[in-house]
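Thanks for sending this one over.

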Amino acid sequence: MISIVIASGVAFWVSVLGTPMLIKALQARGMGQLIRDAAPFEHPHATKAGTPTMGGIAIVVAGSMGYLVPHFRTDQLKFSRHGLLLMALILSMAVIGGIDDWLGIRKG
C-alpha cells in the first residue's frame, strides 16, 4: 500500500512541477503547433498556432518515475513482467508520438 502512495505521489509531483518547465523549454525552442491557413476563411484551429507540442514527455517521464521509485525504495518489491511490459508499451507509444510531433514540426 505504501508503494502505491509513493508511486502516485512521485508521478503527481513530477508531472505538476515538470510540465510548466517543459512547456517553457519547448516554447523557447520554438517547438509549437503549426497551423496552415490556405483557405479564404480563417482556419478553425488558428487559435492553436504556437501551442507547444511534445508535452506528453512530462506525463511519460512522470509515469516512468512513479513506477521506478518505489522499486528502488525496498528490496521486497520486485519488477513484474506485466509492469515492465506496460512500461515498454508506454515508452514505445511515446516514441511513436514523439516522432509524429517531430515530423510535424520539421515539415512546418
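1. Beyond its neighbours within four places in sequence, S15 is in contact with P20, I59 and A62; contact here means heavy atoms within 4.5 Å. S15 belongs to helix α1, residues 2-28. Helices (H or I, at least four residues) and strands (E, at least two) are DSSP runs, numbered from the N terminus. S15 counts as buried because its relative accessible area is 18%; buried is under 20%, exposed over 50%, and partly exposed in between, with a 1.4 Å probe and protein chains only.

2. A word on the basis: this is a predicted model, in which local features need pLDDT of at least 70 and side-chain atom pairs count only at pLDDT 80 or more, while totals for chains, interfaces and linings use all residues. Residues are numbered from 1 along each chain as its sequence is written, and side-chain values use heavy atoms, leaving out hydrogens and water.

3. The chain has three helices and zero strands, following the pattern α-α-α along the sequence. Of its 108 residues, 19% are buried. Among contacts between residues at least 6 apart in sequence, 59% join residues at least 24 apart.

4. Helix α2 is worth a look. Its 18 residues, 56-73, should span 26 Å at 1.5 Å a residue, and the end C-alpha atoms are 26 Å apart, so the two values agree; the expected span is 1.5 Å times one less than the number of residues. The buried residues of α2 are A58, V60, A62, S64, G66, Y67, P70 and H71. One of them, A62, is also among the contacts of S15.

5. Which residues line the largest pocket? They are M54, G55, G56, I57, V60, V61, A94, G97, G98 and D101. The elements giving two or more residues to this lining are α2 and α3 (81-107). A pocket is an open set of points on a 1 Å grid over the protein atoms alone, where a 1.4 Å probe fits, with protein on both sides within 12 Å along at least five of seven lines; lining residues have an atom within 4 Å of a point.

6. Finally, G104 sits in helix α3. G104 is partly exposed, given its relative accessible area of 40%. G104 and M31 are 73 residues apart in sequence, and their C-alpha atoms are 9.8 Å apart in space.
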